[in-house]
Amino acid sequence: MEDDAEAREALRKLLEIQGYAVAEAAGGDAAVAHALAHRPEAAVIDIGLPDLDGYDVAQRIRRGLRGAPMFLIALTGYQEIEERGRSGETGFDAHLVKPVKFEQFFELLARVAGEAARPD
């Protein structure tokens with residue numbers, strides 16, 4: 001989820017080119033509703049949002065999932081150590097800083113997809 005329409009579209013296109021199925025949301029409430037209804041393997045969430053911040057989105061998703069797995073990635077301009085710590089405290093599994101290194105981003109997504117594909 002990204003509130004900037006152009007950035008959201010660019011990220012969607014990059015993910016689709018890499019073969020990922022993508023759904024997008026412009027706001028926090030819509031992102032939470034979509035994540036809980038569709039249960040994707042991963043969600044990419046900006047922290048600096050106008051309605052709910054990304055921390056609130058992550059917390060609401062975690063509460064709604066009741067322990068079910070979903071990998072939450074903060075993709076944000078916030079790079080301070082305190083922000084990274086808060087990401088983990090509020091339910092994010094990874095914290096990536098914009099501008100993101102796409103090799104790192106796609107390696108992380110591939111690892112998430114690989115873990116989801118592994119038999120228990």
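These legends describe close-up views of a predicted model.

The model is predicted, so local features need pLDDT of at least 70 and side-chain atom pairs count only at pLDDT 80 or more, while totals for chains, interfaces and linings use all residues. Residues are numbered from 1 along each chain as its sequence is written, and side-chain values use heavy atoms, with hydrogens and water left out.

**View 1. Confidence along the chain.**
The chain averages a pLDDT of 87. This score is the predictor's confidence in each residue, from 0 to 100. At least 70 is reached by 93% of the residues. Helices (H or I, at least four residues) and strands (E, at least two) are DSSP runs, numbered from the N terminus.

Glu9 and Lys13 pair through their side chains, 3.0 Å from N to O. A salt bridge here is a side-chain nitrogen of Lys or Arg within 4 Å of a carboxyl oxygen of Asp or Glu. Both residues lie in helix 1, four residues apart, about one turn of the helix. Glu9 is partly exposed, at 35% relative accessibility. Lys13 is also partly exposed, at 42%. The classes are buried (under 20% relative accessible area), exposed (over 50%) and partly exposed in between, with a 1.4 Å probe and protein chains only. The structure holds seven salt bridges.

**View 2. Arg60 and Asp29.**
The side chains of Arg60 and Asp29 form a salt bridge of 3.4 Å, N to O. Arg60 lies in helix 3 and Asp29 in helix 2, so the pair ties together parts that are 31 residues apart in sequence. Arg60 is partly exposed, at 34% relative accessibility. Asp29 is partly exposed too, with a relative accessible area of 48%.

**View 3. Arg62 and Asp93.**
A salt bridge joins the side chains of Arg62 and Asp93 at 2.6 Å, N to O. Arg62 sits in helix 3 and Asp93 in the loop between helix 4 and strand 3, so this pair links parts that are 31 residues apart in sequence. Arg62 is partly exposed, with a relative accessible area of 25%. Asp93 is partly exposed at 42%.

**View 4. A salt-bridge network.**
Arg8, Arg12, Glu16 and Glu24 are linked in a network of salt bridges.

**View 5. Backbone exceptions.**
Most residues other than glycine have a negative phi, and most peptide bonds are trans. Arg39, not a glycine, has a positive phi of about 50°. Arg39 lies in the loop between helix 2 (28–38) and strand 1 (42–45). It is partly exposed, at 42% relative accessibility. Arg66 likewise has a positive phi of about 50° without being a glycine. Its place is the loop between helix 3 and strand 2 (71–76). Arg66 is exposed, at 76% relative accessibility. Lys98 and Pro99 are joined by a cis peptide bond, with omega about -10°. Pro99 is in the loop between strand 3 (94–97) and helix 5 (102–117).
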